[in-house]
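Student: I would like to learn how to read the features of a protein model, taking them one at a time. Could we begin with the backbone and then work inwards?

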Amino acid sequence: MKKHCLFSLFALTIFVSCNEISKKAEFYSHFYTINSCTKIIIEQQKKIDAEFGETFIANGNLYEAKTTEQLKMFRNLYKNAEKTDYCCCPEENYIISFYSSKDQFDSYAVDTIEFKDKIRIYERDFQYSFIIDKTLWNNFLNKTNIKQ
């Protein structure tokens, strides 16, 4: 009986450790994404009711960050960001696409509706997200090139 309890405790410890390592890998993967990109394109989305449910389409507002200053400004959004775990059912008001040279290599979605004074930038499988001050987000959008 003692061996069974010890084995169970050992297995649980391994599982929890692997789960924490996985969370840290996701977190660092995200920061690798924002630190290694040469261009960021942010496209505002509009929700429409389609025949088989809701869908999101681009509404024409396009923000592009490609200068060193603009990319640094985007990275600074994360300085005081709160990292969260799984988030269920956020809105998809913006899509952030990360580029290296001309190739898109990652993307995240943004919910600007859930909170009054914050936004949620989330991994599209909803496994983790970052909560960021909405004023900083709006300042960033105002200082990037807007193409219409």
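Student: Where is the place of Ser101?

Tutor: Ser101 is in the loop between β4 and β5, where strands (E, at least two residues) and helices (H or I, at least four) are DSSP runs numbered from the N terminus. Before going further, note that this is a predicted model, in which local features need pLDDT of at least 70 and side-chain atom pairs count only at pLDDT 80 or more, while totals for chains, interfaces and linings use all residues. Residues are numbered from 1 along each chain as its sequence is written, and side-chain values use heavy atoms, with hydrogens and water left out.

Student: Which value of phi does Ser101 have, and is Ser101 buried or exposed?

Tutor: Phi of Ser101 is near 60°, a positive value in a residue other than glycine. To read burial, take the relative accessible area with a 1.4 Å probe and protein chains only: under 20% is buried, over 50% is exposed, and in between is partly exposed. Ser101 counts as exposed because its relative accessibility is 55%. Cys89, which is not a glycine, also has a positive phi, of about 65°; Cys89 is found in the loop between β3 (82–84) and β4, and at 60% relative accessibility Cys89 counts as exposed.

Student: What pattern does the chain follow along the sequence?

Tutor: The pattern is α-β-β-α-β-β-β-β-β-α-β, which comes to 3 helices and 8 strands. Of the 148 residues, 35% count as buried.

Student: Which residues have the most contacts inside the largest nonpolar core?

Tutor: A nonpolar core is a set of buried Ala, Val, Leu, Ile, Met, Phe, Trp, Tyr and Cys residues joined through side-chain atoms within 4.5 Å. Here the largest has 23 residues, and those with the most contacts inside it are Ile40, Ile42, Phe74, Ile96, Ile121, Trp137 and Phe140. Among the elements that each supply at least two residues of this core are β1 (39–50), α2 (68–76), β4 (94–100) and α3 (134–143). If contact is taken as heavy atoms within 4.5 Å, Trp137 is in contact with residues including Ile42, Phe74, Tyr94, Ile96, Val110 and Ile121, its neighbours within four places in sequence being left aside.

Student: How many aromatic pairs does the structure hold?

Tutor: Rings of Phe, Tyr and Trp (its six-membered ring) pair if their centres lie within 6.5 Å, with planes under 30 degrees apart counted as stacked, over 60 as edge-to-face and the rest as tilted. The structure holds 9 such pairs. The rings of Phe74 and Phe98 have centres 5.9 Å apart and planes at 70°, so this pair is edge-to-face. Because Phe74 lies in helix α2 and Phe98 in strand β4, the pair ties together parts that are 24 residues apart in sequence. Phe74 is buried at 0% relative accessibility, and Phe98 is buried with a relative accessible area of 1%.

Student: Which residues of α3 are buried, and which are exposed on the other side?

Tutor: An α-helix has 3.6 residues a turn, so residues three or four places apart point the same way. In α3, Lys134, Trp137, Phe140 and Leu141 are buried. They cover an arc of only 120° around the axis (taken from the directions from the helix axis to the C-beta atoms), which puts them on the same side of α3. Asn142 and Lys143, on the other side of α3, are exposed.
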